[in-house]
Amino acid sequence: MSTTTHPAETHGGPADPTRRDFLTLLALSGAAVGAGAIAWPFIDSMEPAADTLAAGEPIDVDVSKLAPGQQIVVVWRGKPIFIVHRTPEGLQTLQDAKLVHNLSDPTSKVLQQPSYAENWHRSVDPTFAVMVGICTHLGCVPTFYPNVSATDPAPNWPGGYLCPCHGSKYDLAGRVYSGVPAPYNLPVPPYHLAGEKTVRIGENPPGQTFDLNSVVQI
Ligand code: FES
């Protein structure tokens, strides 16, 4: 079993929009990723073996230093994976009727997640969100705006993600809003908690089966 990954080691050419925007996100991480940028040195110190990355094997991410409200981004199978430590307030917002009313698929009916994440928080443990950070419209990397704001990045913002390419919005569970270009919620990869503070990405919980390739759209 390997440890966390280093984003600079991802693969993909200049024509790959996901790769392109992921690099843009990294370049802007101080501003765009916000608190998540604090966690980068932590990730950098734990590079996995190159053969592990190439094989797409499960990776373990130590989230013990991830404070409430922060996000880190790791790479698994060449894809950016968002891991968010959600606050109690953020979790409460996910159940707010006003927010739910504005979502396209609030109960995750479309196959964009494993059955064990088909719930209101779209996760194994409500505290930690784990999502593929690729917009389901055309593949850009949504920007993390975790804080409630009256104006930024949009009016009456409850916390979530805004795609920098065409303005699709997602909540802190990766649920897409209605009336935006993106058609589906952000995918949830196979994962489970392999210890109190370790997220193992790429491996289902015992007794569960789910293949990320089975989702409707990445
Ligand atoms: S790629 Fe995200 S809105 Fe178009």
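A residue is called buried here if 20 or more other C-beta atoms lie within 10 Å of its own.

**View 1. Strand β2 in the predicted model.** The model shown is predicted, and in it β2 spans residues 71–76, with six of its six residues buried. Gln71, Val73 and Val75 point one way from the strand, whereas Ile72, Val74 and Trp76 point the other way, and the residues of both sets are buried.

**View 2**

View 3. Three strands form an open sheet in the order β2-β3-β4, with antiparallel pairing; β2 and β4 are its edge strands, each pairing on one side only. Neighbouring strands of this sheet are turned by 25 degrees against each other on average, direction ignored. Between β3 and β4 the antiparallel pairing extends over five bridges, and Phe82 has Met131 as its bridge partner in β4. In general, strands of a sheet pair through backbone hydrogen bonds, either parallel or antiparallel.

**View 4. The largest nonpolar core.** This core holds 40 residues, of which Val74, Ile81, Ile83, Val130 and Ile201 touch the most other members. At least two core residues are supplied by each of β1 (59–62), β2, β3, β4 (128–132), β5 (143–145), β6 (160–162) and β9 (198–201), and the largest share, five residues, comes from β2.

View 5. Three bridges connect β5 and β6 in the antiparallel sense, and the bridge partner of Tyr145 in β6 is Gly160.

**View 6. Confidence along the chain.** The chain averages a pLDDT of 83, and 75% of the residues score at least 70. Over residues 2–21 the pLDDT is below 50, and this stretch has 49 contacts in the model beyond near neighbours in sequence. Residues 23–47 also have a pLDDT below 50, with 36 contacts in the model beyond near neighbours in sequence. Where pLDDT is low, the predicted coordinates should not be read in detail.

Technical notes
Residues numbered from 1 in each chain as written. Predicted model: local features only at pLDDT ≥ 70, side-chain atom pairs only at ≥ 80, totals over all residues. Buried ≥ 20, exposed ≤ 12 C-beta atoms within 10 Å, placed from the backbone. Helix = DSSP H or I, 4+ residues; strand = E, 2+ residues; numbered from the N terminus. Core = buried A, V, L, I, M, F, W, Y, C linked by C-beta atoms within 7 Å. Pairing = 2+ DSSP bridges. pLDDT = per-residue confidence, 0-100. Contact = placed C-beta atoms within 7 Å. Axes fitted to C-alpha atoms, helices over the stretch in contact; angles between N-to-C directions.
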